[in-house]
Amino acid sequence: KPKVWVLGNGQLGAMLTHAGEPLAIEVNAVDIMTPTDDILPLAPHDIITAEREQWPESALSLQLSSHPHFVNGPVFSRLADRFSQKSLLDQLSVPTAPWTLVDDNTQVDTLYQHYGPRVLMKRRTGGYDGKGQHWLKQAEAEDIPNDWRNLAIAEQAINFDEEVSLVGVRTREGECVFYPLTLNLHQDGILMASISPLARLSPLQAQAEAMLSAIMHELEYVGVMAMECFRVGDELLVNELAPRVHNSGHWTQAGTHMDQFQLHLRALCGIAIPQPQVNFQCVMVNLIGIDNDPRWLSLPNAELYWYNKEVRPGRKVGHLNLSVPNQTVLNQSIAALQTWMPIQYQAPLAWILAEYA
Ligand code: ATP
Ligand code: MG
Ligand code: MG
């Protein structure tokens, strides 16, 4: 029976491993960050996937990425570089924030002329959780720092109404299945909370599915992909794509009969993919740079995922999935979290309550 090997052993790798258990699929999440001379006992029929877009080159990562069953191999480098990712969106006429490459000839005034007084530079590679971003502000007469030239794109600041994402899966045969759109709140570039499904977002579902289908078909992609979007009125603009299971899909663990991790494994292993049934509306709260609080476990509608990582400021160390069987239960749990959680959580918790007001 083929084994699945995951490039990377963070929380996504761990959750993929967990999802393999009921299907009796052995999933091994591989640490590719710690230098080692180890080589893995890969079999020719094993399957390789990744929990991240990029990884350092080593004998170990090369062994995995050069395996003939490294699924979506060429997609990772194409999406890991924002230049080629945004070029793909333009090529497919999928709406995205207007952008340009920042090179030796880029003039900051031209950027302000084209995109307005606030321009967001993003590192072409390596950015996550809002790291690797630099705002240029005309009011501050700011110029492009030299160490951003040739390494970044520049984007128009989008005055979006809110952020949503779509998590979908494509099989080897080209069949696509999607979860309902998820509403996301980011604070300082990092995902704080998600809510899904929401009836008010369903009019956007078909538009979002058409966009992500076009992308997955073009890439001949197999497995779960996430598409982060800005909603501007009735229009969606793609912010970025992630060729993997995604934080904004974590609610599916508590809210659906088949979560994103199982969908990804099924697609990789050629197992049938039914439309996931939503059992509960869910609210996901990311636990960022805070200690594990045993009181969370007393909430009647909460599922805690604690990643067992060292707690550091700004680091994702877990998430709470709150199912919403009715509004009273949700309100009580959020009220409790408001008293237990630190200041940086007050805005996200208020944002959740506002959605139900
Ligand atoms: P992730 O952890 O999701 O991979 P990232 O570091 O790759 O994040 P982005 O998703 O590109 O970065 O941006 C992070 C957040 O910054 C977005 O979710 C959004 O809130 C804000 N943002 C990004 N691009 C723009 C833009 N063009 N205009 C306004 N806000 C933006
Ligand atoms: Mg990103
Ligand atoms: Mg993002």
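Here is a tour in a handful of stops, with what to select at each.

First, some ground rules. This is a predicted model, in which local features need pLDDT of at least 70 and side-chain atom pairs count only at pLDDT 80 or more, while totals for chains, interfaces and linings use all residues. Residues are numbered from 1 along each chain as its sequence is written, and chains are lettered from A and ligands numbered from 1 in the order in which they are written.

**Stop one: the domains.** Colour 4-70 as domain 1, 98-156 as domain 2 and 162-356 as domain 3; these bounds come from an automatic or database domain assignment. The C-alpha centres of domain 2 and domain 3 are 29 Å apart.

**Stop two: the ligand.** Where does ligand 1 lie relative to domain 2 and domain 3? Both domains give residues to the shell around ligand 1, so it lies between them. Now show the 18 residues around ligand 1; Ala97, Gly127, Glu155, Ile158 and His186 come nearest. (A residue is near a molecule or strand if its C-beta atom, placed from the backbone, lies within 6 Å of it.) Strand 5 (118-123) and strand 13 (235-242) are the elements that give two or more residues to this shell. Sorted by class, the shell has five nonpolar, six polar and seven charged residues. Here Ala, Val, Leu, Ile, Met, Phe, Trp, Tyr, Cys and Pro count as nonpolar, Asp, Glu, Lys and Arg as charged, and the others, Gly among them, as polar.

Strands (E, at least two residues) and helices (H or I, at least four) are DSSP runs, numbered from the N terminus. Select the open sheet with strand order 4-7-5-6 and antiparallel pairing; strands pair if DSSP finds at least two bridges between them. Strand 4 (99-102) and strand 6 (133-137) are at the edges with a single partner strand each, so one side of each has no neighbour in the sheet. From one strand to the next, the twist averages 25 degrees.

Zoom in on strand 5. Five bridges tie it to strand 7 (residues 152-156) in the antiparallel sense, and strand 5 is also joined to strand 6 by five bridges, again antiparallel. Pick out Val119, whose bridge partner in strand 7 is Gln156. Leu120 is opposite Glu155 in strand 7, and Lys122 is opposite Gln133 in strand 6.

Axes here are lines fitted to C-alpha atoms, for helices over the stretch in contact, and angles run from 0 to 180 degrees between N-to-C directions. Contact between two residues means C-beta atoms, placed from the backbone, within 7 Å.

**Stop five: a helix pair.** Jump to helix 1 (residues 11-20) and helix 8 (residues 260-269), which pack at an angle of about 70 degrees with axes 8 Å apart. That makes helix 1 roughly perpendicular to helix 8 (the range for this is 65 to 115 degrees). Show Met15, Leu16, Ala19 and Gly20 from helix 1 and Phe261, Gln262, His264 and Leu265 from helix 8 to see the contact.

**Last stop: two backbone details.** Ser93, in the loop between helix 4 and strand 4, has a positive phi of about 55 degrees although it is not a glycine. Finally, select Pro197 in the loop between strand 11 (190-196) and helix 6 (205-219): the peptide bond from Ser196 to Pro197 is cis, with omega near -10 degrees.

Methods: Parallel < 35°, antiparallel > 145°, perpendicular 65-115°, else oblique.
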